Amino acid sequence: MEIVDLSFRQYGESGTAVVILHGLFGSSRNWESFARKLSNSFRIFNVDLRNHGESPHTEKMDYLSMAADVHSLLDRQGLENAILLGHSMGGKTAMWLALSNSQRVQGLIIVDIAPVAYPNRFETILSHLNSLPLADVQSRQDADKLLSRQITDRSLRLFLLQNLMNTGTNYQWRINLPAIGEGLADISSFPDLEKSVTFNRKTLFIRGANSDYITPSHHSTLREMFPEAEIYTIADAGHWVHAEQPEALYVMITDFLEGI
């Protein structure tokens, strides 16, 4: 298995180590203000997962590989274990590392995702990103205008366009779109594991009230794999809880962290 040396930003020099893992099409930038705030009490490692942000590109895009990258990061930083905070794809990565290497995970905070297979919700977005005529893009405003023909949700466009970078001569995607496309089936799913495998340390699941990523039908699966799981809902939030209700999320997460 090819291991990627993940790029990360560290905030705080003391306290319990907390590793933040973003979702698909995201990066550590999405969590930067949150990471800085948490660093008042904790040592934060805000990570770019493979094929995202400033981390290297590679062909493979599945949870075994992504969890192995995070495991390697813990080793490189001399961390015996850490609390993992993961959103969406990052949450599945965190869950898989906890289930497969529980001694390296002190606790889990999972934001709006369950360890289950979902329908592929991202094929259309990926198609729109691939079809953006980068040769015609002279500014981020150009890209936004062009992309608005397919993606009408402005907040979603602005989130996706954070991945567009100016190389000095043209605009290119920072994320590895071909690898993400090849890996979408794995990203939408969750690896198979023995039914007896559980993570028996404190785990917090946080869902957005307006999101359907964690539903009551998932609760039994969550509790089978994570017997210590607590499941809470944040009002007036969809899937991007950290962007829509950052203060409520911060309070919920810090309360949990202080109890570990």
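Trainee: How many residues are in the largest nonpolar core, and which have the most contacts inside it?

Mentor: Keep in mind that this is a predicted model. The largest nonpolar core has 67 residues. Those with the most contacts inside it are V19, F25, L108, L129, W173, F205 and F226.

Trainee: Which helix gives the largest share of this core?

Mentor: Helix α3, residues 89–100, with 7 residues. In soluble globular proteins, nonpolar side chains tend to be buried together.

Trainee: Back to F226. What is F226 in contact with, leaving aside neighbours within four places in sequence?

Mentor: M95, L99, L108, P115, F199, T203 and F205.

Trainee: On to helix packing. At what angle do α2 and α3 cross?

Mentor: Roughly 70°, and their axes come within 9 Å. Helix α2 covers residues 63–76. The range for roughly perpendicular is 65 to 115 degrees, so α2 and α3 count as roughly perpendicular to each other.

Trainee: Which residues meet there, in α2 and in α3?

Mentor: From α2, Y63, L64, M66, A67, V70, H71 and L74. They meet M89, K92, T93, W96 and L97 in α3. By type, the residues of this contact divide into 9 nonpolar, 2 polar and 1 charged.

Trainee: And how far apart are the axes of α4 and α7?

Mentor: The axes are 11 Å apart, and the helices pack at about 160°. Helix α4 is residues 123–131 and helix α7 is residues 177–188. An angle over 145 degrees counts as roughly antiparallel, so that is the label for α4 and α7. Their crossing is left-handed.

Trainee: Which residues make that α4 and α7 contact?

Mentor: E123, L126, L129 and N130 in α4 meet L177, I180, G181 and L184 in α7. The residues of the contact divide into 5 nonpolar, 2 polar and 1 charged.

Trainee: What about α5 and α6, at what angle do they pack?

Mentor: About 130°, with axes 10 Å apart. That makes α5 and α6 oblique to each other. The crossing is right-handed. R140, A143, D144 and L147 of α5 make the contact with R157, L158 and L161 of α6. The residues there divide into 4 nonpolar, no polar and 3 charged.

Trainee: Which residues of α6 are buried?

Mentor: In α6, residues 154–161, these are buried: L156, R157, F159, L160 and L161. Their cover includes α4, α5, β6 and β7.

Trainee: Switching to loops. Where is A114?

Mentor: In the loop between β5 and α4. A114 is buried, with a relative accessible area of 0%.

Trainee: What is A114 in contact with, beyond neighbours within four places in sequence?

Mentor: K92, M95, Y213, I214, H218 and L222. M95 is also in contact with F226. As for D75, its C-alpha atom is separated from that of A114 by 27 Å. The two are 39 residues apart along the chain.

Trainee: Last one: is S211 buried or exposed?

Mentor: Buried, with a relative accessible area of 9%. S211 is found in the loop between β8 and α8. Leaving aside neighbours within four places in sequence, S211 is in contact with D112, A237, G238 and H239.

Note on methods
Residues are numbered from 1 along each chain as its sequence is written. This is a predicted model: local features need pLDDT of at least 70, side-chain atom pairs count only at pLDDT 80 or more; totals for chains, interfaces and linings use all residues. Side-chain values use heavy atoms; hydrogens and water are left out. Axes are lines fitted to C-alpha atoms, for helices over the stretch in contact, and angles run from 0 to 180 degrees between N-to-C directions. Helices (H or I, at least four residues) and strands (E, at least two) are DSSP runs, numbered from the N terminus. Angles under 35 degrees count as roughly parallel, over 145 as roughly antiparallel, 65 to 115 as roughly perpendicular and the rest as oblique. A crossing is left-handed if the near helix is turned anticlockwise from the far one by less than a right angle, and right-handed if clockwise. Contact means heavy atoms within 4.5 Å. Ala, Val, Leu, Ile, Met, Phe, Trp, Tyr, Cys and Pro count as nonpolar, Asp, Glu, Lys and Arg as charged, and the others, Gly among them, as polar. A nonpolar core is a set of buried Ala, Val, Leu, Ile, Met, Phe, Trp, Tyr and Cys residues joined through side-chain atoms within 4.5 Å. Buried means under 20% relative accessible area, exposed over 50%, partly exposed in between (1.4 Å probe, protein chains only).
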